[in-house]
Amino acid sequence: MASVLVVEDDQFVRSALIRHLTDASHTVRSVGTALEALREVAHFRFDVVILDLGLPDLDGSEALKMLRGITDVPVIIATARDDETEIVRLLNDGADDYLTKPFSVEHLSARIAAVLRRSRAAAGDVPPSPVLRVGGLTVDPLRRQAELDGVRLDLTRREFDLLAFLAGRPGVVVSRRELLAEVWQQSYGDDQTIDVHLSWLRRKLGETAARPRYLHTLRGVGVKLEPPGAEARP
């Protein structure tokens, strides 16, 4: 199935996660500190990392930043913290998903499966789409590159997936539910996750929600991507 690294200092929780993931046919390695986690990802290839925030040597949020400096492996945050500001910060810092403790093993399994589907699709396990062009925006799914007016955009994996999905439907209003299902591979979730990534993507496109150029939000309906000036055309 998948190679999973569990980063959890609570021995009881750690043992339960190892048992469940092993029963689900995953290959599991586990550590109890952030420094051990960094050594693991530097020496072994993992498909997903389950990262606790309350680690004894280094806060998990700092560990996440350090992980992102050496690998793009998908990271699911497992935390007892439910502060909205911190969750937004974690997503901005590169977390692929998060779970608030306590959570069921079924919920964890669903999140792992969704992350793995996205990761494998990004790696080329599904046929790529042709190059997409919307105004001065060019999106190449095969090379996983995007350019705006000839300048390459520095996008995270999730930002690229979101942009590519919308660019493949120019001018079409896409609901948040559809974005969750198609981009995040989830049947349910928090709209905040989408809003965070849309906000980050807007900044890289040189626009804001108040002064959009490509990304337009229709309150209570969804979001669409279209070339600048399209709404003003007859």
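Select arginine 45 and aspartate 47. In this predicted model, their side chains form a salt bridge, with the closest N and O atoms 3.0 Å apart. Aspartate 47 is buried, at a relative accessible area of 15%.

Next, select aspartate 97 and arginine 111. This pair also forms a salt bridge, and here the closest N and O atoms are 2.7 Å apart. Colour by secondary structure. Aspartate 97 lies in strand 5 and arginine 111 in helix 5, so the bridge ties together parts 14 residues apart in sequence. Show the surface. Aspartate 97 has a relative accessible area of 6% and is buried. Arginine 111 is buried as well, at 11%.

Move to arginine 176 and aspartate 195. Their side chains meet in a salt bridge of 2.5 Å, N to O. Which elements does this pair link? Arginine 176 belongs to helix 7 (residues 176-182) and aspartate 195 to helix 8 (residues 191-204), so distant parts of the chain, 19 residues apart, are linked. Arginine 176 counts as buried, with 19% relative accessibility. That value falls on the buried side because the cut-off is under 20%. Aspartate 195 is partly exposed, at 34%.

Side chains of opposite charge can pair when their charged atoms come close. How many salt bridges does the rule count? The count comes to 17.

Stay in this part of the chain and select helix 3, residues 60-70. Gly60, Ser61, Ala63, Leu64 and Leu67 are buried. Look down the helix axis. The buried residues fall within an arc of 150°, so they line one face of helix 3. An α-helix has 3.6 residues a turn, so residues three or four places apart point the same way. Turn to the other side of helix 3, where Gly69 and Ile70 are exposed.

What do the buried residues of helix 3 pack against? Show helix 2 (34-43), strand 3 (48-52), strand 4 (75-79) and helix 4 (84-92). Those are the elements that the buried residues of helix 3 pack against.

Zoom out and colour by domain. Domain 1 covers 2-122 and domain 2 covers 132-225. Their centres, taken over C-alpha atoms, are 25 Å apart. The area buried between the two domains is about 1500 Å², and carbon and sulfur atoms give 45% of it.

Look for polar links across this boundary. Three residue pairs are in polar contact across the interface, both residues being at pLDDT 80 or more. Two salt bridges are counted between domain 1 and domain 2. For another salt bridge to display, select aspartate 96 and arginine 158, with their closest N and O atoms 3.5 Å apart.

Methods
Residues numbered from 1 in each chain as written. Predicted model: local features only at pLDDT ≥ 70, side-chain atom pairs only at ≥ 80, totals over all residues. Heavy atoms only, no water. Buried < 20%, exposed > 50% of the residue type's maximum accessible area, 1.4 Å probe, protein only. Helix = DSSP H or I, 4+ residues; strand = E, 2+ residues; numbered from the N terminus. Arc of directions from axis to C-beta. Contact = heavy atoms within 4.5 Å. Domains from an automatic or database assignment. Buried area = accessible area lost by both parts, 1.4 Å probe. Salt bridge = Lys/Arg side-chain N within 4 Å of Asp/Glu carboxyl O. Polar contact = N/O pair within 3.5 Å; in protein donor to acceptor, adjacent residues only side chain to side chain.
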